[in-house]
Amino acid sequence: MTQKFTVLYFASAKDAAKTDSDTFEWSAGITSAVLTQQLLARHPALDHVLKTSMFAVNMEYMDQDQSWTVQPGDEIAIIPPVSGG
């Protein structure tokens, strides 16, 4: 059985990806940097969005300054900055 993980896109990330979610096949060693490369390969328009976005893994924000590793079944949200009033 193939193990997978899900990426959810919000706001401008959703617009750039032209979808609200993707499913990826999991393999050992997918770090935050590798995931970013996979996201850009699938959706090149995310380039400008990912530079300013936060990642949340299983509803927990990840530290942008540290690498983390994707686990099978993870749900990863791409959350761009938002403004409101």
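The lining of the largest pocket holds four nonpolar, four polar and three charged residues. The model is predicted. The pocket's volume is about 180 Å³. Helix α2 gives the largest share of the lining, three residues.

**Largest pocket**
- Among the charged residues of the lining are Asp 47, Lys 51 and Asp 63.
- Leu 40, Leu 50, Phe 55 and Trp 68 also line the pocket.
- Further lining residues include Ser 32, Thr 36, Gln 64 and Gln 66.
- Both α2 and α3 supply at least two residues of the lining.

**Helix α2**
- Helix α2 spans residues 32-42, and its buried residues are Ser 32, Leu 35 and Leu 39.
- These residues lie on the same side of α2, because they cover an arc of only 55° around the axis.
- Gln 37 and Ala 41 are exposed on the other side of α2.
- The cover over the buried residues of α2 includes the strands β1 (4-9), β2 (21-25), β3 (54-57) and β5 (75-79).
- Helix α3 (47-50) is also part of that cover.

**Nonpolar core**
- In soluble globular proteins, nonpolar side chains tend to be buried together.
- Here the largest nonpolar core has 20 residues.
- Those with the most contacts inside the core are Val 7, Tyr 9, Leu 35, Leu 39, Leu 46, Ile 76 and Ile 78.
- At least two core residues come from each of β1, α1 (12-17), α2, α3, β3 and β5.
- Leaving aside residues up to four places away in sequence, Val 7 touches Leu 35, Leu 39, Ile 76 and Ile 78, among others.
- The other residues that Val 7 touches include Asp 20, Ser 21, Asp 22 and Phe 24.

Methods:
Residues are numbered from 1 along each chain as its sequence is written. This is a predicted model: local features need pLDDT of at least 70, side-chain atom pairs count only at pLDDT 80 or more; totals for chains, interfaces and linings use all residues. Side-chain values use heavy atoms; hydrogens and water are left out. Buried means under 20% relative accessible area, exposed over 50%, partly exposed in between (1.4 Å probe, protein chains only). Helices (H or I, at least four residues) and strands (E, at least two) are DSSP runs, numbered from the N terminus. The arc is that of the directions from the helix axis to the C-beta atoms. Contact means heavy atoms within 4.5 Å. A nonpolar core is a set of buried Ala, Val, Leu, Ile, Met, Phe, Trp, Tyr and Cys residues joined through side-chain atoms within 4.5 Å. On a 1 Å grid over the protein atoms alone, a cavity is a set of points where a 1.4 Å probe fits but cannot get out, and a pocket is an open set with protein on both sides within 12 Å along at least five of seven lines; lining residues have an atom within 4 Å of a point. Grid points are joined across faces, edges and corners, and a volume is the space filled by probe spheres set on the points.
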